[in-house]
Amino acid sequence: MGRAGVATGRCLTGDTLDRMAEVTIRELRNRGGAVVDRVAAGERMTVTRDGRPVAELRPYPSTPLSAAVLLRRWRRLPVVDGRLLRSDIDAVIDPRI
């Protein structure tokens, strides 16, 4: 169970194989505000009834950013040292994988 008692269904490769969190109709009724807060923060959720998916909650699409805004943000990003990044990753994950 994740935040607000809702199953998260997270997996290790969440960037490509993300399973949606599940929430029962009862949990949605009892913890609706917390569920909507999670969705507003970007999480997608499957609503289930008797263990079967019946609906999907997803964030409302936001207005796309302009190229100028994206470039301004990009210019503020820190420089990444590839060797240090690789060293950090190798310290956490077996490099033979």
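**Exercise 1.** In which strand does Thr 48 lie, and which residues does Thr 48 touch?

*Solution.* Before we start: this is a predicted model, in which local features need pLDDT of at least 70, side-chain atom pairs count only at pLDDT 80 or more, and totals for chains, interfaces and linings use all residues. Residues are numbered from 1 along each chain as its sequence is written, and side-chain values use heavy atoms, leaving out hydrogens and water.

Step 1: look for contacts (heavy atoms within 4.5 Å). Leaving aside residues up to four places away in sequence, Thr 48 touches Glu 22, Val 23, Thr 24, Ile 25, Pro 53 and Val 54.

Step 2: check burial (buried is under 20% relative accessible area, exposed over 50%, partly exposed in between, with a 1.4 Å probe and protein chains only). At 6% relative accessible area, Thr 48 is buried.

**Exercise 2.** Find the buried residues of helix 3 and what they pack against.

*Solution.* Step 1: helix 3 spans residues 32–40, and Gly 32, Val 35, Arg 38 and Val 39 are buried there. They sit on the same side of helix 3 because they cover an arc of only 125° around the axis (taken from the directions from the helix axis to the C-beta atoms).

Step 1: turn to the face away from the buried side, where Asp 37 and Ala 40 are exposed.

Step 2: the partners of the buried residues are strand 1 (21–24), helix 2 (25–30), strand 2 (45–49) and strand 3 (52–57).

Definitions and conventions:
Helices (H or I, at least four residues) and strands (E, at least two) are DSSP runs, numbered from the N terminus.
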